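Keep the 3D view open as you read.

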Amino acid sequence: MNVLLSAAFVLAWSSGFIGAKLGAGSASAVTVLMWRFLPLAIVLALVALTLTRAAWRGLAARDIARQALVGALSQSGYLLTVYYAIQLGVSSGTTALIDGTQPLVAGALAGPLLGEFVTRTQWIGLGLGVTGVCVVTAADFAGGGTALWAYLVPFLGMFSLVAATFLDRRAPRPVRSSVAMTVHCVTSAVIFTALALATRSATPPAEVSFWTAIGWLVTLSTFGGYGLYWLILRRSGVTQVNTLMFLMAPVTALWGALMFGEPFGAQTAIGLAVGLTAVLVVRRGATAPRTTASRTAPSGTAPARTAPARTAPAPSVEAGGVTPGSDKPARRVRSGR
């Protein structure tokens with residue numbers, strides 16, 4: 001089941017880069033993002049008022065405020081930079097590459113902030129992942145045609161998503177997935193609508209390609225990519241879910257080749273193979289210490305703390321949320337993009 005979830009997440013998240021390119025041909029980034037989230041926010045708000053009202057009971061204003069901030073970082077900040085970079089001429093593969101550096105940042109910070117310490121084997125896997133995505137998109141960096149500063153824009157989005165991840169994981173009071181999804185999308189709808197009105201770009205174009213891109217982004221990228229991101233985060237931890245980001249660049253490059261005729265050569269194939277290897281190495285590094293620590297620890301001492309601290313008991317799925325394994329008593333938490 002975890003393998004299927006991981007594969008679905010990679011495809012759904014990669015679809016966001018393809019959808020951004022679809023929409024970029026007919027409207028500005030702000031216009032696409034406004035119409036991606038505005039109808040969705042209205043539907044989710046109506047559902048919250050009717051079908052999922054029980055999930056909102058007992059929540060304090062600060063719980064909603066925290067979720068609004070998580071949504072502003074993980075949706076608004078992240079997506080705006082991705083779309084803007086593609087609009088500036090940065091290729092979808094290169095944007096995915098820069099987004100793929102997120103595991104190194106998250107992995108380096110997971111220990112001091114969350115207690116999810118990264119093992120030596122996992123660091124080797126992370127290094128392989130960076131190598132793979134660099135191989136895939138090295139040619140694009142050398143190709144020219146786009147301002148150098150434009151390549152810095154996706155980095156802002158990557159840091160925004162990392163910040164949202166840690167902010168969510170450190171929340172003292174979790175909420176249900178339906179609540180998180182609604183707050184995140186309403187927050188993004190408000191932000192992007194305000195930006196579109198301020199820049200006089202709120203009117204959508206009449207082209208069929210625009211609305212095709214909107215439907216693509218809502219279905220595959222928002223519900224698929226964003227929702228699976230938080231679900232896998234709850235089940236496997238920060239390092240595990242962010243390692244899958246290494247597959248985004250090669251998968252996006254292959255998808256772009258099939259859909260838009262973008263070049264896909266030996267370099268991309270090698271990068272894809274290295275990325276797949278990186279995921280396997282990191283997953284092996286996460287499970288190996290748990291089977292060997294008790295045997296290798298000296299007599300009279302505690303086993304070395306090498307495995308993530310928040311992945312003990314197996315998670316159980318509830319209606320509208322997930323109760324993950326933790327070093328604390330089980331509690332309901334949110335997941336939803």
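Predicted model: local features only at pLDDT ≥ 70, side-chain atom pairs only at ≥ 80, totals over all residues.

## A loop residue and its patch

L152 is found in the loop between α6 (120–143) and α7 (153–169). With a relative accessible area of 54%, L152 is exposed, because the cut-off for that class is over 50%.

## The chain as a whole

Stepping back, the protein chain has twelve helices and two strands. Reading from the N terminus, the elements run α-α-α-α-α-α-α-α-α-α-α-α-β-β.

Of the 337 residues in the protein chain, 52% are buried. The accessible surface of the chain comes to about 14800 Å², and carbon and sulfur atoms hold 68% of that surface. Among contacts with a separation of 6 or more, 85% are between residues 24 or more positions apart.

## Helix α2 and what covers it

At 1.5 Å a residue, its 22 residues should span 32 Å, and the end C-alpha atoms are 32 Å apart, which agrees.

Which residues of α2 are buried? They are A29, V30, T31, V32, L33, M34, R36, F37, L40, A41, L44 and A48. An α-helix has 3.6 residues a turn, so residues three or four places apart point the same way. In this model, the cover over the buried residues of α2 includes α1 (2–24), α3 (61–88), α8 (177–198) and α9.

## Aromatic pairs

Now for the rings: a search of the whole structure finds eight aromatic pairs. One of them joins F210 and W211, an edge-to-face pair with 5.0 Å from centre to centre and 85 degrees between the planes. F210 is buried, at 0% relative accessible area, whereas W211 counts as partly exposed at 38%.

W216 and W255 form another pair, with ring centres 5.6 Å apart and planes at 50 degrees, so this pair is tilted. W216 lies in helix α9 (residues 208–236) and W255 in helix α11 (residues 248–260), so the pair ties together parts that are 39 residues apart in sequence. W255, at 22% relative accessibility, counts as partly exposed.

Finally, look for a cluster in which ring pairs link F9, W13, Y78 and Y229.

Terms used
Residues numbered from 1 in each chain as written. Heavy atoms only, no water. Helix = DSSP H or I, 4+ residues; strand = E, 2+ residues; numbered from the N terminus. Buried < 20%, exposed > 50% of the residue type's maximum accessible area, 1.4 Å probe, protein only. Phe/Tyr/Trp six-rings, centres within 6.5 Å; stacked < 30°, edge-to-face > 60°. Expected span 1.5 Å × (residues − 1). Contact = heavy atoms within 4.5 Å. Areas by Shrake-Rupley, 256 points an atom, 1.4 Å probe, with all protein chains shown as cover.
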